[in-house]
Amino acid sequence: MENSPLSDRLRRLSSGASGGWVIVGILVGYILLVTRSWSVPIGPGVAYGTAWIAVVAAAILVASLASRRLRPAAPKLRPVETAAILAIAAMVLTDLTLTYQPLRDLGIYLKAGHHFLAGTPVYLQAAMTERPADLTNYPFLYPPPTLPAFAVLSMLPEPLAQALWVGCSLGLVLLAFRVIGLPDRWLVFAALWPPLFQGLWVGNVAVPALALFAAGPWLGGGLVAGGVFKSYTGIAALWLVRERRWSQLISGVAAVTVLALLTLPLVGAGAWQAWIEALRLYQLSQQNVSELFGFGLPRFVPLWAFVALAAASILAALSATGREGLARLGTATVVASPSLWGHGLLMAVPSMLNLRAVWLWLAIGITSAPDGLQWWWAVGLIAASWFVPELRHQAAAADEPDADEPLHPLRAGVGPWPEADLR
């Protein structure tokens, strides 16, 4: 069967030939457009676009000189290398714009622990009408079984609690990336990537919790346990149903049930009622304060459209099996999230790694600029790769057997979780 003109075009764009410069041009235009009102740092800083162009120019000069020495037969930078420079420069500058109120999410958890120990209300008591100036006063929304752990953490001196949290979060997330398949030499760049950097900077639980998702091929019960922290991440547990891993599903449900029963005497049944009411009040608060959606889809589309997109992403994920199915379900949790911040995209990393190199760096570049509605272009690109083989990393092995793609973290033809014994 002959390839369609679209397939041929996508293959030329993906191959790193001259067509790849189109993707580079798209990335340049995107970053300059979405950062036109930003400065580094926020406030009376240098215009983001000006700073980014300067950093990119210096980086390209250095990379070109290095290329002449290391690769004299083909010294010119390839499109994928240029796209990587554009993205990494944006990573660094975006990280510098986010340095306000560090560990603010951890502050929410510690305040919840203090309230729990003092016997004062932990959960939201009334709908919010404005965004709090102190971001540690955002509502605590995690279920009651998490309260004893945060109470213990809150008993430590705050600097010690912060150091333990950040250190453990960093160690667990880097281990998670390594398990997913990211080589050690890529971990520094992973730490600079805004979804991870933001999560570490604010101290969000999504960062260490990624380890539960990453361990899914071996410890399936962790996919269920992940829903304790963020309920929508429990969608990934559908992979256990799809793969008929009934014993792991049962063990995960049992572990969560045992945790709830063990902590019930500590938290009381009233805490569960207060939590459910707080979730209802938070939904009302989102109608009053749109910032509470983050850049989640419900902020931009009607409820019916959000539900339809979430359902479609889950069904598309369940149509695949093995590593691919689990990776897709990670991305589906992003789509199905009722509120979303940058660190929420960590669950999409396995699916992102399935992109061919130049498309991978386009997705990384999109999510290296400050977050917002525009990050959905990266999610859309990931979802498109589920149906368009030319966008996928595995297609590189078909075009050039035994040849690794330049600047792709994974070997040619290899997907996420390369060490897992899955289809």
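1. The model is a predicted one.

2. These two residues form a salt bridge, in which the closest N and O atoms of Arg-280 and Glu-277 are 2.6 Å apart. Both lie in helix α14 (residues 269-288), and because they are three residues apart there, about one helical turn separates them.

3. The count of salt bridges comes to six. One of them joins the side chains of Lys-111 and Asp-134 at 3.6 Å, N to O, and this pair links distant parts of the chain, with Lys-111 in helix α5 (residues 104-118) and Asp-134 in the loop between α5 and α6, 23 residues apart. Lys-111 is partly exposed, with a relative accessible area of 30%, and Asp-134 is partly exposed at 30% relative accessibility.

4. Arg-178 and Asp-184 meet through their side chains in a salt bridge of 2.8 Å, N to O; Arg-178 is partly exposed at 40%, whereas Asp-184 is exposed at 51%. A network of salt bridges links Glu-324, Arg-328 and Arg-392.

5. The second largest pocket has a volume of about 350 Å³, and among its 17 lining residues the closest to its centre are Ala-149, Phe-150, Trp-165, Val-205 and Phe-229. The lining divides into 16 nonpolar residues, one polar and no charged, and α6 (147-154), α7 (158-180), α10 (206-214) and α13 (246-267) each supply at least two of its residues.

Conventions: Residues are numbered from 1 along each chain as its sequence is written. This is a predicted model: local features need pLDDT of at least 70, side-chain atom pairs count only at pLDDT 80 or more; totals for chains, interfaces and linings use all residues. Side-chain values use heavy atoms; hydrogens and water are left out. On a 1 Å grid over the protein atoms alone, a cavity is a set of points where a 1.4 Å probe fits but cannot get out, and a pocket is an open set with protein on both sides within 12 Å along at least five of seven lines; lining residues have an atom within 4 Å of a point. Grid points are joined across faces, edges and corners, and a volume is the space filled by probe spheres set on the points. Helices (H or I, at least four residues) and strands (E, at least two) are DSSP runs, numbered from the N terminus. Ala, Val, Leu, Ile, Met, Phe, Trp, Tyr, Cys and Pro count as nonpolar, Asp, Glu, Lys and Arg as charged, and the others, Gly among them, as polar. A salt bridge is a side-chain nitrogen of Lys or Arg within 4 Å of a carboxyl oxygen of Asp or Glu. Buried means under 20% relative accessible area, exposed over 50%, partly exposed in between (1.4 Å probe, protein chains only).
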